[in-house]
Amino acid sequence: MINYLLPLLSPFLKALEMRDVQNQKKSEVISALRRAIRETKLHIEKTRSGDFGSDNFNEVASRDLSDKWSRVAEIIRPLDVRLAYTFEEKSDYWSNPHGFRLSIQDGNRRFDYRIRLEEVEQELIRLENSFLKK
């Protein structure tokens with residue numbers, strides 16, 4: 001009897017397994033994203049000087065933040081390629097904020113407002129809400 005039922009249940013069990021993997025991945029993304037946002041805010045608080053957009057504005061590069069944002073991009077890529085690109089942009093920014101801004105000014109890179117921290121926090125809320133609904 002079991003030998004008969006197992007092949008019939010196999011697609012159902014695989015679907016449950018995939019759902020569990022997706023939920024685990026979403027949980028991992030949310031944790032990594034929260035960590036990256038928290039660390040970014042602390043870094044900005046401690047190191048940013050001048051007014052954003054002015055000539056005296058200065059942002060200090062951070063290998064740690066670049067790595068954190070790259071990690072978020074890596075783990076979200078299977079779930080959302082658009083967000084992965086956004087988080088890679090954040091990683092690029094933190095590896096060289098001054099060079100990133102110059103690249104935008106020179107027209108070699110398009111500024112995407114989605115990389116702003118406020119926008120990323122909205123994505124976190126959206127992800128958390130979608131996770132809770134399932």
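So, Glu89 counts as buried, because its relative accessibility is 6%, and buried here means under 20% relative accessible area, with exposed over 50% and partly exposed in between, using a 1.4 Å probe and protein chains only. Keep in mind this is a predicted model, where local features need pLDDT of at least 70, side-chain atom pairs count only at pLDDT 80 or more, and totals for chains, interfaces and linings use all residues. Residues are numbered from 1 along each chain as its sequence is written, and side-chain values use heavy atoms, leaving out hydrogens and water.

Where is Glu89? It's found in helix H3, residues 81–95; helices are DSSP runs of H or I, at least four residues, numbered from the N terminus. Leaving aside residues up to four places away in sequence, Glu89 touches Phe100, Arg109, Arg110 and Ile115, where contact means heavy atoms within 4.5 Å.

Now the helix packing. H3 and helix H4, residues 97–105, pack at an angle of about 115°, and their axes are 5 Å apart. Those axes are lines fitted to C-alpha atoms over the stretch in contact, with angles running from 0 to 180 degrees between N-to-C directions. On the H3 side you've got Glu89, Asp92, Tyr93, Trp94 and Ser95, and H4 brings Pro97, Phe100 and Arg101.

On to the rings. How many aromatic pairs are there? The count comes to three, with rings of Phe, Tyr and Trp (its six-membered ring) pairing if their centres lie within 6.5 Å; planes under 30 degrees apart count as stacked, over 60 as edge-to-face, and the rest as tilted. Trp69 and Phe87 make a tilted pair, 5.6 Å centre to centre with 35° between the planes. Trp69 sits in helix H2, residues 63–76, and Phe87 in helix H3, so this pair ties together parts that are 18 residues apart in sequence. Trp69 and Phe87 are buried.

Then there's Tyr93 with Phe100: the centres are 5.3 Å apart and the planes at 85°, so we call that pair edge-to-face. Tyr93 and Phe100 are both buried too. Ring pairs link Tyr93, Trp94 and Phe100 into a cluster.

Last one, back at Trp69. Lys90 lies over the face of that ring, 5.2 Å from the ring centre; the rule is NZ of Lys or CZ of Arg within 6 Å of the ring centre and within 35 degrees of the ring normal.

Technical notes: Helix = DSSP H or I, 4+ residues; strand = E, 2+ residues; numbered from the N terminus.
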